[in-house]
Amino acid sequence: MTYEQLIVDADGAVATIRMDNAAKLNALSPTLTSELMDALASLGRDPAVRAIVLTGEGRGFSAGADLGALQEPYMRGERPKLSGFLRAGYNKLIPMITEAPKPVIAAVNGVVAGAGISLALACDVRIASEEASFSTAFVKIGLIPDAGSCYFLPRAIGMPKALELAITGDKIDAATALRLGLVNRVVPPDRLQVEAHELAARLAAMPTTAIALIKKAFAAASRLSLAENMELEAELQDEAGATDDHIEGVLAFLQKRTPDFTGR
Ligand code: LHQ
């Protein structure tokens with residue numbers, strides 16, 4: 001896959017997507033957004049890929065929407081209608097991560113702002129460099145969190161802290177992000193890609209369909225009652241139980257050997 005603002009490479013069952021709009025801290029230009037959608041669609045479909053790492057080139061993970069193109073129209077006095085922009089872009093991109101039928105790990109290499117936070121929060125696990133920093137930023141340009149941040153942020157760190165960060169736009173460092181639960185792990189900068197890849201490789205060797213179904217069940221859980229939840233678990237467990245990996249996992253346990261999962 002060749003792109004203008006993305007570098008995609010595969011190492012066995014692990015694919016790495018690097019956002020490459022580094023001069024703008026990987027701000028989400030229309031090109032980067034649509035290339036991310038294209039890459040996620042094709043990696044999502046590819047059965048050989050069983051885990052994805054999302055990271056950024058340079059000192060940014062992503063600084064959110066690319067504001068560059070707004071100068072001219074705003075100087076002319078134009079008032080935008082942003083819903084169309086969101087519906088065509090982030091509202092399609094973000095579910096491609098949350099609904100990807102395989103784990104997606106954010107290797108947060110540096111600055112994160114605006115919709116960049118949404119992008120990181122959409123991923124299943126976040127490993128951050130000690131050099132990473134996080135700012136919701138939206139309010140500083142008179143906007144509300146978008147690309148799913150109003151959904152993700154309170155769920156990740158609780159309503160009071162989420163609201164504080166959203167209405168102040170304050171920047172927090174990686175240690176604070178870890179304490180709040182915004183990221184899963186913080187590592188030295190030179191360990192970031194290694195640790196993200198190691199986790200991805202470990203997950204890629206696990207029962208991929210079960211991981212996809214766990215993502216689905218957890219995503220649905222917050223809008224269901226306990227009874228509905230357990231009914232959904234029962235339905236999804238039928239799917240999990242029908243996989244080769246379920247049979248392999250049980251037999252390997254009983255035969256006291258290491259399972260060889262295929263993702264099927
Ligand atoms: C950028 C950006 C950027 C372009 C850094 N765009 N160039 C938005 C709009 C419309 C519709 C609906 O949705 C949205 C969603 C959103 O995401 S809103 C939030 C958009 N993001 C921001 O407001 C963050 C803007 N950036 C910043 O506040 C700072 O750059 C942060 C705090 C992220 C990093 O600060 P520094 O580490 O001091 O870096 P810097 O400011 O020097 O940036 C480096 C370069 O990147 C610089 O370019 P230059 O040519 O001067 O070197 C920036 O202009 C450029 N850049 N973010 N979002």
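This briefing covers the ligand shell, the nonpolar cores and selected loop residues of the structure above. The model is predicted. The shell around the ligand has 21 residues. The largest nonpolar core has 49 residues, and a second, separate core has 15.

**Ligand shell**

- Arg 59, Ala 65, Leu 67, Ala 115 and Asp 146 come nearest to the ligand, out of the 21 residues around it.
- By class, the shell divides into 15 nonpolar, 2 polar and 4 charged residues.
- The side chain of Asp 146 places an N or O atom 2.6 Å from an oxygen atom of the ligand.
- Ala 115 uses its backbone: an N or O atom there lies 2.9 Å from a ligand oxygen.
- A polar backbone atom of Ala 23 is 3.3 Å from an oxygen atom of the ligand.
- On its own, the ligand has 1,000 Å² of accessible area, and the protein covers 63% of that.
- Two elements give two or more residues to the shell: helix 3 (82–88) and strand 6 (111–113).
- Helix 3 makes the largest contribution, with 3 residues.

**Nonpolar cores**

- In soluble globular proteins, nonpolar side chains tend to be buried together.
- Within the largest core, Ile 17, Leu 36, Leu 119 and Phe 134 touch the most other members.
- Leu 36 contacts Leu 6, Ile 17, Met 19, Leu 28, Leu 54, Leu 93 and Leu 119, leaving aside neighbours within four places in sequence.
- The second core is separate and includes Ala 51, Val 53, Ile 105 and Ala 196.

**Loop between strand 8 and helix 6**

- Phe 138 lies in this loop, which runs between strand 8 (133–135) and helix 6 (149–157).
- Is Phe 138 buried or exposed? Phe 138 is buried, because its relative accessible area is 7%, under the 20% limit.
- Beyond its neighbours within four places in sequence, Phe 138 contacts Gly 114, Ala 115, Ser 118, Leu 143, Ile 144, Pro 145, Asp 146 and Ser 149.
- Two of these contacts, Ala 115 and Asp 146, are also among the residues that come nearest to the ligand.
- Phe 138 and Ala 115 are 23 residues apart in sequence, yet their C-alpha atoms are 8.2 Å apart.
- Ala 147 counts as buried, at 6% relative accessibility.
- Phi of Ala 147 is near 60°, a positive value in a residue other than glycine.
- Most residues other than glycine have a negative phi.

**Loop between strand 2 and helix 1**

- Leu 25 lies in the loop between strand 2 (14–19) and helix 1 (30–45).
- Leu 25 is not a glycine, but its phi is positive, at about 55°.
- Asn 21 is placed in the loop between strand 2 and helix 1.
- Asn 21 is buried, because its relative accessibility is 12%, under the 20% limit.
- Leaving aside neighbours within four places in sequence, Asn 21 contacts Gln 5, Asn 26, Ala 27, Ser 29, Leu 32 and Asp 66.

**Helix 2**

- Gln 71 is found in helix 2 (residues 71–75).
- Gln 71 is exposed, because its relative accessible area is 55%, over the 50% limit.
- Gln 71 and Ala 23 are 48 residues apart along the chain, and their C-alpha atoms are separated by 18 Å.

Definitions and conventions. Residues are numbered from 1 along each chain as its sequence is written. This is a predicted model: local features need pLDDT of at least 70, side-chain atom pairs count only at pLDDT 80 or more; totals for chains, interfaces and linings use all residues. Side-chain values use heavy atoms; hydrogens and water are left out. Helices (H or I, at least four residues) and strands (E, at least two) are DSSP runs, numbered from the N terminus. Buried means under 20% relative accessible area, exposed over 50%, partly exposed in between (1.4 Å probe, protein chains only). Contact means heavy atoms within 4.5 Å. A nonpolar core is a set of buried Ala, Val, Leu, Ile, Met, Phe, Trp, Tyr and Cys residues joined through side-chain atoms within 4.5 Å. A residue is near a molecule or strand if one of its heavy atoms lies within 4 Å of it. A polar contact is a pair of N or O atoms within 3.5 Å; within protein, one must be able to donate a hydrogen and the other to accept it, and residues adjacent in sequence count only if both atoms are side-chain atoms. Accessible areas come from the Shrake-Rupley method with a 1.4 Å probe; for residues, only the protein chains shown count as cover. Ala, Val, Leu, Ile, Met, Phe, Trp, Tyr, Cys and Pro count as nonpolar, Asp, Glu, Lys and Arg as charged, and the others, Gly among them, as polar.
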